[in-house]
Amino acid sequence: MSADVETPAVAGSGRRTAGSLGGSLIVSIGLGYVLTVACQRLLPPQEYAVFVTFWGLVMGLGSALSPLEQELSRQSAVAALTGGKAGRPALRAVAVGMFVAAAFSLALLIPPVNERLFHGEWSLAVIVLAGGVAFACQFGTRGLLIGQHRVKSFSLLVVAEPAVRALILGVLFVSVAYNVVSLAIAVAAGSFAWLLFARPARQLLDVHVEGDGWGVTTRRMSMLLVGAALTAAVITGYPALVGLLAPGGDGDRVGALFAALVIARLPLTLIGPVQSLAVPFVVRLSVTEEGRHRLRRVLALGAAASLVLAALGALVGLWLGPWAVRFVSGPEYAIDGWPVAGLVWSSVLLVPMQLLTAVLVARTQARLVLVTWAVVTGTASLLLVLLPGDTVFRAVVALAAAPALGLAVVLAFVLRRAPETVSGATSGTGETSS
């Protein structure tokens with residue numbers, strides 16, 4: 001069949017996919033904001049400080065596990081090209097993620113660590129453990145669905161996660177049974193939404209299909225998970241990074257900055273579904289030289305557009321940011337316009353960065369993903385330590401500069417000549433040549 005005949009159908013399918021996924025993301029963002037703002041309003045400041053530490057850890061762990069979604073979408077998409085299903089390597093990847101989540105969470109039970117983070121509230125560490133292990137299964141389920149282009153089920157699962165949290169939050173509010181622990185349970189419960197989609201996901205697996213063994217899978221996933229952990233350090237976990245490297249007595253100003261950061265970063269926690277949609281798209285496009293050329297052109301134009309959008313967003317943040325933060329979080333959260341401008345600039349640039357690293361995942365270039373996020377986190381960390389000025393100044397400048405440098409690095413990686421094939425069979429490090 002000619003390309004002219006196929007193009008309208010492909011275009012229509014693409015519009016339906018974008019519409020379905022876009023709608024689910026809008027609903028997810030809205031529900032996520034409800035939960036974030038409600039917790040700020042329901043808890044007194046001293047309890048919210050403990051809760052936001054829990055929130056950062058569990059969501060940071062979820063972000064660190066998000067490469068599972070991209071990796072399984074890649075495996076599923078590669079198998080679909082030949083009419084097959086993902087096999088044992090998919091289960092091995094999820095098992096590696098579950099082990100990492102459990103190991104991280106158990107470390108939170110170490111008495112000095114638990115006391116520093118949760119003031120001795122052991123149940124919060126156990127909730128992180130349950131939510132983290134469930135996150136690994138959830139991302140695996142989403143990857144299988146989107147890799148086989150099951151867009152409807154995938155979109156429903158994206159919405160189900162925050163919907164479960166919001167539902168339990170509503171029950172807690174009505175029964176006046178909310179506190180730090182009960183709200184933490186509501187947050188972790190969303191990680192179990194995958195159970196509603198376990199059956200259709202199981203139909204996309206064939207456990208008799210062999211592939212990469214434990215060694216290859218563990219090495220590849222380890223690099224991807226470490227890279228994602230570095231990503232989380234500058235997104236959901238940034239308050240902890242600031243507290244570790246640039247502690248100060250700025251008090252209310254730092255609190256207002258973190259409140260603005262939580263609001264600005266929330267959409268970034270939902271970019272994972274778009275990344276997973278990008279992975280099979282790159283797999284299919286990379287089959288031909290024409291497709292690879294088209295991909296490079298789209299990526300270059302998208303990066304340029306993101307810089308323009310980031311600049312415009314920063315201007316809006318400078319003008320409306322202080323009012324928006326007070327409106328959402330409360331009048332006690334006072335912040336200047338320039339920190340909000342820096343946060344918006346950073347948040348916008350992190351979107352194309354994450355999409356571009358998804359291209360590297362599709363090419364099984366896990367090492368380059370790790371290098372990219374090491375540059376971002378390393379730059380932010382150095383600036384937090386070395387810059388003069390107060391905590392707010394260092395935090396904002398570091399967060400504005402690091403993604404700009406990271407975007408340049410990852411763009412250089414993806415614009416190089418792409419591998420001629422994208423397959424599940426890779427060398428021991430999980431890399432293909434470029």
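**View 1. The largest nonpolar core holds 105 residues.** Phe 51, Phe 54, Leu 65, Phe 118 and Tyr 238 have the most contacts inside this core. A nonpolar core is a set of buried Ala, Val, Leu, Ile, Met, Phe, Trp, Tyr and Cys residues joined through side-chain atoms within 4.5 Å. Buried means under 20% relative accessible area (1.4 Å probe, protein chains only). The model is predicted: local features need pLDDT of at least 70, side-chain atom pairs count only at pLDDT 80 or more, and totals for chains, interfaces and linings use all residues. Numbering runs from 1 along each chain as its sequence is written, and side-chain values use heavy atoms, without hydrogens or water.

**View 2. Contacts of Phe 51 beyond its neighbours within four places in sequence.** Phe 51 touches Cys 39, Leu 43, Val 180, Leu 183, Ala 184 and Val 187. Contact means heavy atoms within 4.5 Å.

View 3. A cavity is a set of points on a 1 Å grid over the protein atoms alone, where a 1.4 Å probe fits but cannot get out; lining residues have an atom within 4 Å of a point. Phe 51 is in the lining, with Leu 35, Thr 36, Cys 39, Tyr 48, Val 52, Trp 55 and Val 262. Helix α2 (45–65) and helix α1 (3–42) each supply at least two lining residues. α2 gives the most, with four.

**View 4. Helix α6 covers residues 122–147.** At 1.5 Å a residue, its 26 residues should span 38 Å; the end C-alpha atoms are 38 Å apart, which agrees. Of these 26 residues, 20 are buried. His 149 follows α6, with a positive phi near 60 degrees. Helices are DSSP runs (H or I, at least four residues), numbered from the N terminus.

Note on methods. The expected span of a helix is 1.5 Å times one less than its number of residues. Buried means under 20% relative accessible area, exposed over 50%, partly exposed in between (1.4 Å probe, protein chains only). On a 1 Å grid over the protein atoms alone, a cavity is a set of points where a 1.4 Å probe fits but cannot get out, and a pocket is an open set with protein on both sides within 12 Å along at least five of seven lines; lining residues have an atom within 4 Å of a point.
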